[in-house]
Amino acid sequence: MEKNQKINCTVGSCKYNDHTRQECSLEQIIVTPIENCDTKQADESMCSSYQKDRN
């Protein structure tokens with residue numbers, strides 16, 4: 001993986017979301033499958049690095 005890869009994010013409640021650029025401020029994230037979900041769509045996974053912003 002290239003070092004300059006960006007993770008775009010629009011989850012406003014995550015503390016790692018840079019709201020002005022809509023980018024994740026983490027260098028890497030963990031993507032986890034959702035159990036018993038077989039939709040063949042994006043909802044089969046979630047960002048496990050999410051943490052609620054306290055603001």
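I call a residue buried under 20% relative accessible area, exposed over 50%, and partly exposed in between, with a 1.4 Å probe and protein chains only. I am working on a predicted model, where local features need pLDDT of at least 70, side-chain atom pairs count only at pLDDT 80 or more, and totals for chains, interfaces and linings use all residues. Residues are numbered from 1 along each chain as its sequence is written, and side-chain values use heavy atoms, with hydrogens and water left out.

**Entry: backbone angles**

I looked up phi values. Most residues other than glycine have a negative phi. I found Asn36 in the loop between strand E3 (31–33) and strand E4 (45–47); strands (E, at least two residues) are DSSP runs numbered from the N terminus. Asn36 counts as exposed because its relative accessibility is 83%.

Lys40 also has a positive phi, about 60 degrees, and is not a glycine. Lys40 lies in the loop between E3 and E4. At 63% relative accessible area, Lys40 is exposed.

**Entry: salt bridges**

Side chains of opposite charge can pair when their charged atoms come close. I count a salt bridge when a side-chain nitrogen of Lys or Arg is within 4 Å of a carboxyl oxygen of Asp or Glu. My search of the whole structure gave four.

I went back to Lys40. Its side chain meets that of Asp38 in a salt bridge, 2.9 Å from N to O. Asp38 is exposed too, at 58%. Elsewhere, salt bridges with shared partners join Lys6, Asp18, Arg21 and Glu23 into one network.

I then took Arg21 by itself. It pairs with Asp18, the closest N and O atoms being 3.8 Å apart. It also pairs with Glu23, where the closest N and O atoms are 2.6 Å apart. Arg21 is exposed at 54%. Asp18 is partly exposed at 27%. Glu23 is buried, with 11%.

**Entry: second largest pocket**

I defined a pocket on a 1 Å grid over the protein atoms alone: an open set of points where a 1.4 Å probe fits, with protein on both sides within 12 Å along at least five of seven lines, and lining residues with an atom within 4 Å of a point. The second largest pocket holds about 160 Å³; the volume is the space filled by probe spheres set on the points.

Which residues line the second largest pocket? I noted, among them, Cys9, Cys14, Cys24, Cys47, Tyr16 and Tyr50. The lining has ten nonpolar residues, two polar and no charged. Cys and Tyr count as nonpolar here.

Terms used:
Helix = DSSP H or I, 4+ residues; strand = E, 2+ residues; numbered from the N terminus.
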